[in-house]
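Hi everyone, thanks for coming. Please have a look at the model on the screen while I talk you through one part of it.

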Amino acid sequence: MSNRNLLESPLFLISMILFVSFSGWSQGKLNLDDIFKNGTYSQKGYGPVRWMKNNKGYSTLEKNKEVGGVDIVRYEAKSGDRSILVSAQSLIPSGETSPLIIKNYEWSIDNSKLLIFTNTRKVWRYHTRGDYWVLDMESGKLTQLGKSVARATMMFAKFSPDATRVGYVSKNNIYVESIESGEITQLTFDGDENIINGTFDWVYEEELSCRDGFRWSPDGSKIAYWQSDTKEIGTFYLINNVDSLYSKPIPLPYPKVGTDNSLVKVGVVKASGGDTKWFDVPGDPRNNYLARMDFIPNSNEVMIQQLNRRQNQNTVWMGNTSTMGLTNIFTDKDDAWLNIHDNIMWLENEQYFTWTSEKDGWLHLYKVSRDGKEFSSITKGEIDVVKINCIDPKGGYVYYIASPKNFTQRYLYRSKIDGSSDPERVSPENQSGQHAYQISSDAKYAIHTYQNSRTPSKIDLINLQKHKSIRMLEDNKALSDKVAGLGLTPKEFLKLDIGDVVLDAWMIKPSNFDAEKKYPIVFYLYGEPAGSTVQDAWQGGDLWHQYLAQEGYVVVSIDNRGTRTPRGRDWRKSIYGQIGILAAHDQAAAAKVLFNKYNFIDTDKVGIWGWSGGGQMTMNCLFRYPEIYKSGLAVAFVADQRLYDNIYQERYMGLLEDNEANYIEGSPITHAKKLQGDLMIIHGTGDDNVHYQSFERLTNELIKHNKMFDMMSYPMRAHGIRERENTSRHLRETMFRYWEKVLK
C-alpha cells in the first residue's frame, strides 16, 4: 500500500510522536507546542514482543538504569514470572563502555541465538540499513557480523534454518557468514547502482511492500532472491539547496505512469557460493511484477506471485529450485485490481495452502490444494477479512480481524479451517472500538490492544480462548487523565445518505458549542483506495482537529466510496478508473446533506483540507464545487496523476493508454483555472514520494490563469514534512494562521 495514505496523514503522525520529555503543559487548553513539539500527549506502547518457541512466554525490552541500554526480559504468560534473558551488560562490545542500542531483534528458531540490529540508517521510508550482531545464548559470546564489509551497510540479516549462519545484503550484493568461524561467502558480485540483489528499488518498496529480497531454503542449502535492473528507469532528481554551498542533485530512479519499470527476476544460488540459476518466468519482466516469492516448507520449491502490469491478474507459479522448472498452479483475476495478501500458510503436510480473494464479492480466506484444482472457503458470509492474525491448524481455527456491522470499528473473529462454521466473534461485546492482537502460534495467549476515539490504547495479556485478561501491560492512564482534563468535545460518528449510498463520517463540534450560533466548518478528507479517515480509533487523540474545534471550528471527515473499509468488493472497487472524480462527487453530495441537517454550520465559511491523496482530493473538490467549498489547504499533493509512480496509479486507474481521459479529468491541475475561493498549497522540496514537481506545475498553472493563492515550501522535507528542527510545529501554525485568515 502506498504511503499516499494514512501512514503520512497528520492523524497517524500525531499518534507516532516520539516519547520525549515535556514541559509547559497547560491544564485545560490545547496548544501547538504541547501537541507538536513537547510530546505532552505521547501514547505509551509495549514491546516489541516476541513469543518464544514454546508459546508459554514472551520476550520484550526494558530499560536498564545501571548501565543504560535495555535488557531483554522474558515473562511467563500464565504466572507473570519475570526473568532476564539478556542483560544490557552482556550487550557491551569488547572495548566499549555502552551497550548496543537495539533497533530490532530476532530469535533463531530454537531460541539459542539472538540477532540484533543497531546503528541504523534510513533507506527511503524505513530504517533498513545498519549493523548486526549475534549473541550466543549458551556461551554469552557477542559477535559482530560483516567485519569485512563497510559499516552500517548491512540489510535484512536473517539466520539460516539451523542458526549456524546469517545471510545479509550489503551494497546490493548478498553474503552468507558463518557465526562460529566468521568466514564470509559472497554470493553475488554484480550489485552496483543499477543492479540490486536481495532488496528492491523505490517503487517496489513503496507500492508492493517489498524490502527484504532473499529467502533461505528450508534445508539451508540455497538462497532464492530477487534481482532488479534499474538502468532503464527514468531518473527524477531531488535538489538539496540547504546543506552545502552548491546545490546537490539527488538521483531517484522512479517509474512514473506509463514508463518502464525495473527488469526484475528471481534466481537461486547455493549458500556455499557458485553461479546463480534464473527462473524463466513468462512475460515481459518490465511489464509484470514479481510481487511475492517464498519457499514452500519442507521442500526445494518456491511459490512466485506474478502480477501483470494492469494488476488485475495474479499468476501463481511453483518453481523447482533444482530443475528451475515452473508450473502454473492457478491464476486469480479481478475486473478492477488485485491486492497482494501476505497470509499464505501451508497445511496438511504442504498439500494445501491458504489464499485470500474477493471472488465472491467479499474478502475471504480460502483453502487451495497444491495443484490448484481444489478451492474451498474457510471464511464465509457478507464479511470482509481485514487481517489474518493467526492460523492454528492444531486447534482448527483461523483468527482474523473483521467488522461486518460497523465499518469504523475492528474486532477479532474466528472460523474453522475446514470451513464448517460461521464467523464467531472473539472480541468482547462491551468493548466497542478497535482491537488488535499479537497471538501466540498455538492461539492460547495474545497481546491485546484496545482503543477507540475516546480511549488511548489499553494493552493487556489475555487468555485468548476465554478472552480473559491475565494482566494489564499498559493502560495509558496518565495520558487519559491528561486529555480528560482538557474537556475536549468527543467525535460524533454520523451516517450521511447521499442517495446512491450511505457514507460514514465523524464530526467534532467547537468547545462551548451553542446550536443557535453559526460556525465555520473544515472538512478533512483522504478519499483514495489506500486508506480511510473515518475510524473509531484513538489516532493520537486527533488533537490537531481538536485544536481547531477548540478555536471555534466545526471539523468533519467523510469516507467516500472507494476508501479502504470492510464494506465489500463493490464498495472498494467502485472508484476504479475514476480517482479524483467519484470521490469529489461523494464529498460534495455529503456536504450538502450535512448542511441541510445542521443549521449551526456557516455555509459561507467552508474549508477543506487533506494530505497527499487527500491534498489532491481537496483541490478537486475546491475547483469543481465552488458553490460548496470556499477555501482549501492542500499538503504534499499530486497535481497531475500522470506524475505519480506507475504501480500505485495504474493499479487504481488502469493503464494510461486505456484511460487517459480520466487521468486528465481526475487531476486537479486540469481544473485549476476554475478556482474561485482561497487556496493554500504546502509541499516539502525533498519529497521522494510525491515530487515537488507537482507543486511547481500547479503553481505555474494557477499563475497562467491569474489565480491568487498562498503557498509554503519546506526545504528538504520529505512526504511527511517532519524532518529537521521545529518543522511539525511550524507547519501546524502555518496551517492554523491560514484558516484564521480565510474562515474567521
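This is a predicted model: local features need pLDDT of at least 70, side-chain atom pairs count only at pLDDT 80 or more; totals for chains, interfaces and linings use all residues.

Residues are numbered from 1 along each chain as its sequence is written, and side-chain values use heavy atoms, with hydrogens and water left out.

Let's start with strand β38, residues 519-524. Strands here are DSSP runs of E, at least two residues, and helices are runs of H or I, at least four, numbered from the N terminus. How many of the residues of β38 are buried? The count is 6 of 6, where buried means under 20% relative accessible area with a 1.4 Å probe, protein chains only. On one side sit Tyr519, Ile521 and Phe523, and on the other Pro520, Val522 and Tyr524.

Which strands pair with β38? One is β40 (residues 601-611), parallel to it and joined by 5 bridges; pairing takes at least two bridges found by DSSP. Here Phe523 faces Ile608. Another is β39 (residues 554-558), also parallel, over 4 bridges, with Ile521 opposite Val554.

Now the cysteines. The structure has 0 disulfides, a disulfide being a pair of cysteine sulfur atoms within 2.5 Å. Cys390 counts as buried because its relative accessibility is 7%, and Cys621 counts as buried at 0%.

Conventions: Buried means under 20% relative accessible area, exposed over 50%, partly exposed in between (1.4 Å probe, protein chains only).
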